[in-house]
Amino acid sequence: MIVPFEKLSPEVLESLIEEFVTREGTDSGYARGSLEQNVARIRGQLESKCAHIVYDEETETCNIVSADFLKGKP
């Protein structure tokens with residue numbers, strides 16, 4: 001299920017993005033900049049609809065994925 005980022009409180013959105021860009025064991029592609037730069041980059045992608053927050057009801061987890069991923073493109 002896609003969760004519109006606008007529906008989240010600013011604090012929850014910030015925490016979610018920070019957790020995503022600092023997640024260990026995954027290659028989020030955001031290790032090059034500072035935490036602030038990476039958070040701003042993801043926020044921009046959410047605002048431009050290039051990325052979306054998705055919630056998996058089965059695992060009760062959230063993730064941020066590219067719009068292309070949701071469309072089934074590599």
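**Close-up 1. Lys49 and its salt bridge to Glu6.** In this predicted model, Lys49 counts as partly exposed because its relative accessibility is 42%, which falls between the 20% and 50% limits. Lys49 forms a salt bridge with Glu6, and the closest N and O atoms are 3.2 Å apart. The pair links distant parts of the chain, 43 residues apart: Lys49 is in the loop between helix H2 (35-47) and strand S2 (51-56), while Glu6 is in the loop between S1 and helix H1 (10-22). The backbone of Lys49 has a positive phi of about 65 degrees, although Lys49 is not a glycine.

Close-up 2. The structure holds 3 salt bridges. Side chains of opposite charge can pair when their charged atoms come close. Glu14 forms a salt bridge with Arg43, with 2.5 Å between the closest N and O atoms. This pair also links distant parts of the chain, since Glu14 is in helix H1 and Arg43 is in helix H2, 29 residues apart. Glu14 counts as partly exposed because its relative accessibility is 27%. Arg43 has a relative accessibility of 24% and therefore counts as partly exposed.

**Close-up 3. The salt bridge of Glu19 and Arg23.** The side chains of Glu19 and Arg23 meet in a salt bridge, at 2.7 Å from N to O. Glu19 has a relative accessibility of 37%, so Glu19 counts as partly exposed. Arg23 counts as partly exposed as well, because its relative accessibility is 22%.

**Close-up 4. Asn38 and Arg41 in helix H2.** Asn38 is found in helix H2, and Arg41 is found in helix H2. A polar contact of 2.9 Å joins the side chains of Asn38 and Arg41. Asn38 counts as buried because its relative accessibility is 3%, which is under the 20% limit. Arg41, at 38% relative accessibility, counts as partly exposed. Ile17 is 24 residues from Arg41 along the chain, and the C-alpha atoms of Arg41 and Ile17 are separated by 9.8 Å.

Close-up 5. His52 is found in strand S2. With a relative accessible area of 18%, His52 is buried, because the value is under 20%. Leaving aside neighbours within four places in sequence, His52 is in contact with Ile2, Leu46, Asn63, Ile64, Val65, Ala67 and Leu70.

Close-up 6. Ile2, Phe69 and Leu70 make a nonpolar surface patch of about 310 Å². Ile2 lies in strand S1 (residues 2-3). At 48% relative accessibility, Ile2 counts as partly exposed, because the value does not pass the 50% limit for exposed residues.

Close-up 7. Glu60 lies in the loop between S2 and strand S3 (61-66). Glu60 has a positive phi of about 55 degrees although Glu60 is not a glycine. The relative accessibility of Glu60 is 61%, which is over 50%, so Glu60 counts as exposed.

How values were computed: Residues are numbered from 1 along each chain as its sequence is written. This is a predicted model: local features need pLDDT of at least 70, side-chain atom pairs count only at pLDDT 80 or more; totals for chains, interfaces and linings use all residues. Side-chain values use heavy atoms; hydrogens and water are left out. Patches are made of residues with over 30% relative accessible area and no salt bridge: like charges are joined within 9 Å, nonpolar side chains (Val, Leu, Ile, Met, Phe, Trp, Tyr) within 5 Å. Accessible areas come from the Shrake-Rupley method with a 1.4 Å probe; for residues, only the protein chains shown count as cover. A salt bridge is a side-chain nitrogen of Lys or Arg within 4 Å of a carboxyl oxygen of Asp or Glu. Helices (H or I, at least four residues) and strands (E, at least two) are DSSP runs, numbered from the N terminus. Buried means under 20% relative accessible area, exposed over 50%, partly exposed in between (1.4 Å probe, protein chains only). A polar contact is a pair of N or O atoms within 3.5 Å; within protein, one must be able to donate a hydrogen and the other to accept it, and residues adjacent in sequence count only if both atoms are side-chain atoms. Contact means heavy atoms within 4.5 Å.
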